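Trainee: I have a model on screen and would like to learn how to read it. Can we go feature by feature?

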Amino acid sequence: MDASGKKAEWLVALAGNPNSGKTTVFNALTGTRQHTGNYPGVTVEKKEGICRIDGRTLRIVDLPGVYSLTAYSMEELVARRFLLQEKPDVVVDVVDASNLERHLYLAVQLMEMKVPLVLAFNMSDVARQRGLEFDLEQLSALLGAPIVPLVATKGEGIDELKKTIVRCAEQVLPVPAEIRYGPELEEAIGKIESVLDEDHPLIRSYGRRWTALKLLEGDSEIQEQIRSPQVSDVLHQVRQHLTAVFKESPEVLIAERRYGFISGACQETVRQTVLKRQDFSDRMDAVLTHRYAGLPIFAVLMYIVFYLTFQVGAWPQGWLEDGFTYLAQLIGRFWPEGVSGEIKSLLIDGVIAGVGGVVVFLPNILLLFLGIAFLEDSGYMARAAFIMDRLMHRIGLHGKSFIPMLIGFGCSVPAIMATRILEERRTRLATMLVIPLMSCGARITIYGLLIPAFFPAPLRGPMMWLIYLIGIGLAIVCVRLLRSTLLKGESVPFVMELPPYRLPTLRGLLLHMWDRGWLYLRKAGTVILALSVVMWAATRYPRPPKDILPAGESQQRRLELDYSLAGRIGKWMEPAIRPLGFDWKIGTAMIGAAMAKEMFVSQMSIVYSISGEEDLERLREHIRRDYSTLQGFCVMLFCLISTPCVATVAVTRRESGAWKWALLQFGGLTALAYLVTLLVYQGGRLVSFLTA
Amino acid sequence: MESPAEKSVRFLSQVPAGQTVRLVRIAGGHGLTLRLAGMGLVPNVPLEVLRNDSRGQIIVQVKNTKIVLGRGMSEKLEVAPL
Ligand SMILES: Nc1nc2c(ncn2[C@@H]2O[C@H](COP(=O)(O)OP(=O)(O)OP(=O)(O)O)[C@@H](O)[C@H]2O)c(=O)[nH]1
Ligand SMILES: [Mg+2]
């Protein structure tokens, strides 16, 4: 704070209903690229960013979307606690101007908290299209808060918003209007107010009226904080009286009056010039959520996503492979005399083999995330939840659980975060625990290496589907099991807003794709690189004494491997994995895969690397020589089911709030993988024995 | 015998697509009532049923918003003709 009493830094919260465009506004203000999407519940955690204007710093916080400020869902609690405890200097309520009445419901509650409020009328473009005209000046006067029209996606109005935020923080702005609830409710509020203790911190910050109103609404958190027998008595009495008079609970009455106030304000200030329904969305929905056609259409969409990922992704993948082979050869050819051969081996057999083996799958990953981004941005995600509701009910979950599962095909970590959209804890835990069975993008590397190694071209597509379907099938079995044992409970019905369809912008899709791709590359350049170096060393040292080395390069390499640390560890664990058809090489690769799934491929390329031959086809030849098709299949099966990667376990621990769930996930899936692979391998051997 | 007034009270799950009805009451707990209120579902609001395949899940239009009510939820909303 400087001498004039003015701070140079202000805390600004972005609040608003789900899907109103808060994150888009946040990104426009701070110049960041947080994840947005066209369905409610994209942002589940509050995010902070900085925005500078005229020498002042605005600390902007993007809150999860909420419909109101009650204490019933996690998002509401996060948002409300932030507002109550951090006391932001300005709260920007991002409302969807094309859907004003519903969105103002939250604004009214913010007004009642007497927070310094700015209303951002986002989606003004959509409102204009629908023929809505606002008398902003009058509406602003009625609500007692400045209003800034925005089109956040285009950055329109953002400068004005910044200026308004500063003005609101530094000057005293109009007091928000007060809603009157009618004689009976006002009398009840008055009675509660009269028994409230003036010195209670809650009342000192938010006043008697707000506290009394919240108590009358039956807010459990506030009740707990006030905790006075006298207040409880009065509360009980007035609630009973009101219910008797109106045949309606007080909270319903309060909500009705709020909507009444809003519709009164809108009646005077909002004009609809043309009567137009959103018929485009209606027509799309008639087909996409159709009783019979809905499910097949969904299947086709998924097919397209995976076709893109694997079939189209195969071309650029080939170019990248050629690039890495060329790079390895180049280094090999021009390696300066006199510089240690060990460093050359580290570069070629460790770094290029390990990291290159993973990076060649970048195109597939990019395309997979492009597909998912399209589903997210178009508005289809919420429809998928509707379509799948019936099927999901059969396994004790509901349609909304399907959204995180779909995201899980990209990566388990954001998928587990996304389970926050599920209100009920048991449903949420069950969904969280099985998400690793949705085969994630990193596992594509394993299938991409092994399927072409063992299966002829026409069978490759079906094999890929089989693997994915096995994962889904096992997830279904596990959820049913969990829901009838550990996480038993009625499935709570869900409600969800269906956003209007929007044509995703090319820019938005590409940015999203690039962000995910960059994460993948960064992981390859850090975790995978580091682990590759470790693995390289572990497969190279200690070296066997010179005098026992046999002739022939590949024999030499084999002996070196047997002698190395990795070889010894692998040999030690071999008895445990032999029944699954795995040898020590696969065993050590599995250890790598537990850190990050991509490490399987890195590790295999390091184990098999013979300087200068770094392309996948070579690697596949080696693998084909050493293993049977059944073994190859078992490896994929095991990697599909087993040991979620370290990041997944960590995020499960955090989101479930207890180690036991993370350990259950880790242990349970590993045990399941062992069991299934054991059955398949031994069963497969038996069959081939009998038929031979 | 049912009086005509009682007869006209039904649950949202029984309303065929294309019809508009008025929400009368939410037969659910405190939390559900408040949550639905936040989405615009308060007594006396008109609801247009957009999709009802008699399988439980329903899409309704409330003001300008489409809302999916999953299985089991539509049986908790009592409605009456406008
Ligand atoms: N036409 C139009 N679309 C917008 C505008 N602002 C945001 N959108 C789109 O609305 C959708 C939702 O935006 P988000 O920023 O993710 O919304 P949010 O409020 O953060 O949503 P949650 O995190 O789910 O609460 C995205 O598809 C945006 O591209 C706008 O001004 N006009
Ligand atoms: Mg968001």
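Trainee: How many residues does chain A have, and what share of them count as buried?
Mentor: Remember that this is a predicted model. Chain A has 692 residues, and 55% of them count as buried. Buried means under 20% relative accessible area. Along its principal axes, the C-alpha trace of chain A spans about 100 × 55 × 55 Å.

Trainee: How many helices and strands are there in chain A?
Mentor: Chain A has 31 helices and nine strands. Look at contacts as well. Take those in chain A with a separation of 6 or more: residues 24 or more positions apart account for 72% of them.

Trainee: Which domains does the assignment give for chain A?
Mentor: Domain 1 covers 9-170 and domain 2 covers 183-272. Domain 3 is written in two pieces, 300-441 + 462-501. Domain 4 is also in two pieces, 523-658 + 671-686. The C-alpha centres of domain 1 and domain 4 of chain A lie 50 Å apart.

Trainee: In which sense do β1 and β4 of chain A pair, parallel or antiparallel?
Mentor: Parallel. Strand β1 (residues 9-16) and strand β4 (residues 90-96) of chain A pair over five bridges. As a landmark, find Gly16(A), which stands opposite Val94(A) in β4(A).

Trainee: And in which sense do β2(A) and β3(A) pair, parallel or antiparallel?
Mentor: Antiparallel, over seven bridges, with β3(A) made of residues 56-62. Glu48(A) has Val61(A) in β3(A) as its bridge partner. The two strands form a hairpin with two residues between them. In that turn, Asp54(A) has a positive phi of about 45 degrees.

Trainee: What does Lys46(A) contact beyond its neighbours within four places in sequence?
Mentor: Its partners are Val61(A), Asp62(A), Leu63(A), Pro64(A) and Phe82(A). Lys46(A) lies in the loop between α1 and β2 of chain A. Its relative accessibility is 43%, which is why it counts as partly exposed.

Trainee: What coordinates the magnesium ion, ligand 2?
Mentor: For a metal site, list the donor atoms, then place their residues. The magnesium ion is coordinated by OG1 of Thr23(A) and OG1 of Thr43(A), at 1.9 to 2.0 Å. Thr23(A) sits in helix α1 (residues 22-30), and Thr43(A) in the loop between α1 and β2 of chain A. The pair is 20 residues apart and links distant parts of the chain. Both Thr23(A) and Thr43(A) are buried.

Trainee: Where is Asn19(A), and what is its phi?
Mentor: Asn19(A) is in the loop between β1 and α1 of chain A. Its phi is positive, about 65 degrees, although it is not a glycine. Asn19(A) counts as buried because its relative accessibility is 18%.
Now turn to chain B. Asn44(B) also has a positive phi, about 75 degrees, and is not a glycine. Asn44(B) lies in the loop between α2 (30-38) and β3 (46-52) of chain B. At a relative accessible area of 45%, Asn44(B) is partly exposed.

Trainee: Last one. Is the peptide bond from Tyr541(A) to Pro542(A) cis or trans?
Mentor: Check omega. The bond is cis, with omega near -10 degrees. Pro542(A) is in the loop between α23 (506-540) and α24 (553-563) of chain A.

How values were computed:
Residues are numbered from 1 along each chain as its sequence is written. Chains are lettered from A and ligands numbered from 1 in the order in which they are written. This is a predicted model: local features need pLDDT of at least 70, side-chain atom pairs count only at pLDDT 80 or more; totals for chains, interfaces and linings use all residues. Side-chain values use heavy atoms; hydrogens and water are left out. Two strands pair if DSSP finds at least two bridges between them. Helices (H or I, at least four residues) and strands (E, at least two) are DSSP runs, numbered from the N terminus. Domain bounds come from an automatic or database domain assignment. Donors are N, O and S atoms within 2.8 Å of the metal (3.2 Å for Na, K and Ca); water is not among the atoms, so sites may look incomplete. Buried means under 20% relative accessible area, exposed over 50%, partly exposed in between (1.4 Å probe, protein chains only). Contact means heavy atoms within 4.5 Å.
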